[in-house]
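This report describes selected features of one structure. Please look at the sequence and the model first.

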Amino acid sequence: MSGWSELPPDIIHAISLQIDNPFSLIHFRSVCCSWRSFSILKFRPMTPLKCPLPLDSGGCGDDCHILNSCVYLIKSPNSSPKPKYWLFKLGESENGEIVLYSLFLRRNYSEDKCLHPKLSLNLLNCQIFVLVQEHLACFSQCLFELNINCVDPIGSMGLDRKNNKFAILGKLSFEGLAMYRSVDECWTELEIKTDSFPQGIVAYKGKFYAIDRIGRTIVLLKSADKLLLVEVYIEWGYDLYEDKIWFEISKLDEKRNEWDQVEDLEDHVLFLDYLCSFSCLASEIPGFRANSIVFLDTWDTSDDLDLHERILVFEFSEHGVRSLKDIPEYAELFGTPPGWLGLDGKQECQHISSTPRKQTEKEKRVKREEGSIPKKKKKEMPGWSELPPEIIHMISLRIDNPFDLTHFRSVCSWWRSCSLQTFGPIPSLRCPLPQDAGGCGDDCHILRSRVYLVTSLSHDPPRFWLFKLQEEENGVLALQSFLNRRTSSHRGVSYPSLLIDWLNSQVIELVQEHVACYTNWWDGDPYKREQPIGFMRLDEKNNEFLVLGRLSFQGLGVYRSLEDRWTEIETTSGPFPDGITSFNGQFYVIDTVGVTKVVTPTLELYSFQQSRPCDKTRRRWFVKAEDKLLLVEMCTDNIQEYQRPHLLAKKGWFIVSELNEEGNDWIQTEDAGDRILFLDNNCSFSCFPNQVPGFRPNSIIFKDIFGHYGPQVFEFGSQGFRSVGEIPEYCLFFPSPSWISNVYYVLGSEAHDVLSDSD
């Protein structure tokens with residue numbers, strides 16, 4: 001079994017790019033010299049996300065940006081007689097630099113002239129854990145003719161893994177709540193009236209929650225898989241010890257949209273801050289007492305209180321509040337860096353450095369002679385098979401196609417025993433339509449299919465075949481003919497199941513298609529209908545998604561899973577869509593007369609036409625090509641040539657245009673370049689010849705419009721279309737080749753049925 005150090009360099013580098021905090025990157029680079037050499041050299045400062053506000057009367061607001069901070073717990077395992085801990089916060093400044101902050105306070109140590117403007121850590125002797133991440137909106141505001149820097153809490157939600165597309169909710173400089181979507185690059189004021197200061201804003205399970213103030217202080221926070229509402233009640237006395245302060249905790253019931261009160265926190269500790277509240281188990285921070293709340297005293301505004309006097313602790317078992325200075329075991333967790341970190345004013349601090357001072361050769365020689373430096377022993381790198389079982393199982397849960405799962409389980413017996421035994425059926429996503437006059441439509445669901453390329457390595461030269469697997473409504477996989485919507489059981493197709501010899505073949509996923517399937521009423525009888533749609537997922541597991549389609553509506557409709565309903569954005573009937581897709585966070589639709597419509601996630605609709613349209617276009621397709629969206633048009637000199645299959649095959653041609661997002665236009669290109677374009681009614685895609693060996697570049701493979709000639713080929717620079725049967729190397733792809741058969745694989749002991757994935 002290969003060691004972890006032998007992971008391919010491109011995988012190591014790709015993983016290092018996904019690491020989003022400096023300590024994890026240092027730990028990652030410390031595994032071995034191979035990982036260190038192939039990963040990024042240092043944690044790269046990330047420029048804050050921008051969300052400019054409308055300019056106020058003083059010309060302020062367009063500098064609004066989001067600041068990210070993380071709360072960390074550092075543990076010193078070498079402390080005697082027991083480990084020691086410290087809580088601190090690292091934030092990203094506007095220029096992307098990392099700044100050390102005091103927990104519970106929005107100020108860094110350099111602002112308070114503390115002794116340690118930088119944090120120097122020896123990661124060989126300590127452990128660091130991330131507890132929570134906070135997001136704040138920072139902007140300038142004009143008040144009494146002065147520009148003031150404001151920091152306000154917000155709810156933030158990333159719409160993709162890298163937060164390139166995001167949404168935030170906040171009050172900021174607006175009269176009420178407002179939402180910013182990066183795909184629209186603008187703020188939208190919501191018709192929700194709140195008081196001057198909303199007390200809690202948070203994103204939870206794909207939704208925003210905000211709560212206002214009605215006579216008491218309220219904080220929203222996430223605890224494990226729950227959303228908690230924390231309310232503090234105060235009866236004022238002469239001082240802290242005569243004030244009566246107590247808390248009530250409620251848990252969100254999502255189905256009933258209500259808060260259910262709970263008695264206490266059980267084994268949790270809550271940290272309440274106006275800008276960043278979080279929860280953790282008491283066992284995560286040894287020394288803290290379970291069933292307690294740590295919070296900042298925001299009512300005493302006197303300047304003579306230090307940080308420890310302003311941090312209070314409420315314990316449900318005691319029903320009272322104490323200052324942090326009265327609890328010695330809590331004192332070292334807050335404030336300035338404690339002495340056990342080994343920092344002093346004379347020491348040169350390196351910002352987040354894991355490299356201890358190197359010994360001189362003389363020091364090494366003296367220590368070696370004294371016997372204090374042992375001889376180096378060659379460390380054995382743990383094998384991949386020694387990954388913890390919970391990590392193996394977690395990875396297997398995230399694999400969403402049967403071939404990758406089978407490959408994953410084939411690495412070794414340990415991975416096989418700790419991962420899922422079979423590819424679990426994934427029921428189709430539901431998007432019920434409003435019922436029609438016949439009571440049909442409420443069964444609408446999304447069918448997903450994937451196009452695969454299988455390579456047989458047992459042949460010389462290797463042979464290839466393209467096929468499609470569809471996830472049925474109940475989640476069962478069904479084999480489909482490529483460039484066709486029929487499954488393997490329809491019309492007497494010769495392959496009832498697909499058997500793959502994993503020892504001598506490779507399977508690669510090329511593209512996914514999504515189709516809406518629903519029951520429709522026609523001439524008094526119900527029948528199943530399939531329609532192309534645009535599909536956009538909002539999270540990794542497709543639990544939250546958007547769908548755009550014509551379906552049974554007069555115009556276009558959008559389904560939002562968050563709201564569980566369709567919204568018609570066009571109420572008048574118009575030309576039917578020729579193509580529909582999602583691209584860069586927006587939906588694109590082009591109709592039969594060449595009008596392109598763009599629909600944003602906020603349901604805004606606008607349209608544009610090509611500045612130099614072709615008046616000979618008869619049919620259109622959208623094709624995604626890496627980071628580009630292409631418009632492919634089939635053309636003939638006149639409509640008669642298009643309507644007669646033999647004339648279309650002789651005189652038809654294609655033109656390709658590329659979307660200009662900024663100019664809202666289609667810019668025509670000379671040809672397809674070095675790409676191959678595959679055109680289908682519901683699933684069009686692009687790839688390079690090295691991905692599908694045997695296909696010629698700068699060509700288009702498409703399904704015959706009228707079904708007379710089967711799959712056809714158009715090569716730029718030539719006249720007319722040809723059947724794939726006329727090109728010998730293409731004949732191996734359509735339909736099922738002879739080397740894909742049950743007989744061929746039954747002869748081998750390693751035959752494997754991907755539809756059952758049986759052991």
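## A strand pair and its sheet

Val623 stands opposite Leu630 of strand β37. The model in which this is seen is a predicted one. Strand β37 covers residues 628-635 and pairs with β36 in the antiparallel sense, over eight bridges.

Both strands belong to an open sheet of four strands, whose order is β36-β37-β38-β39 and whose pairing is antiparallel. At the edges of this sheet are β36 (617-625) and β39 (665-669), each of which pairs on one side only. From one strand to the next, the twist averages 30°.

## Asp184

Asp184 is found in a loop, with β8 (178-181) and β9 (186-189) on either side of that loop in the chain. Is Asp184 buried or exposed? Its relative accessibility is 17%, and because buried means under 20%, Asp184 counts as buried.

What is Asp184 in contact with, once neighbours within four places in sequence are left aside? The residues in contact with Asp184 are then Thr600 and Thr602.

## The largest cavity

The model has two cavities of 30 Å³ or more. The largest cavity holds about 100 Å³ of space. Its lining consists of 13 residues, and those nearest the centre are Asp20, Cys70, Tyr72, Leu90 and Glu92.

Which elements give two or more residues to the lining of the largest cavity? They are β1 (65-76) and β2 (84-92). Strand β1 supplies the largest share of this lining, with four residues. Sorted by class, the lining of the largest cavity has six nonpolar, five polar and two charged residues.

## The second largest cavity

How much space lies in the second largest cavity? The volume is about 40 Å³. The residues that line this cavity are Val71, Lys89, Leu103, Phe104, Phe271, Asp273, Cys276 and Phe278.

By class, six residues in the lining of the second largest cavity are nonpolar and two are charged, while no polar residue is present.

Terms used
Residues numbered from 1 in each chain as written. Predicted model: local features only at pLDDT ≥ 70, side-chain atom pairs only at ≥ 80, totals over all residues. Heavy atoms only, no water. Buried < 20%, exposed > 50% of the residue type's maximum accessible area, 1.4 Å probe, protein only. Contact = heavy atoms within 4.5 Å. Pairing = 2+ DSSP bridges. Axes fitted to C-alpha atoms, helices over the stretch in contact; angles between N-to-C directions. 1 Å grid on protein atoms, 1.4 Å probe; cavity = no way out; pocket = protein on both sides within 12 Å on 5 of 7 lines; lining within 4 Å. Points joined across faces, edges and corners; volume = space filled by probe spheres on them. Nonpolar A, V, L, I, M, F, W, Y, C, P; charged D, E, K, R; others polar.
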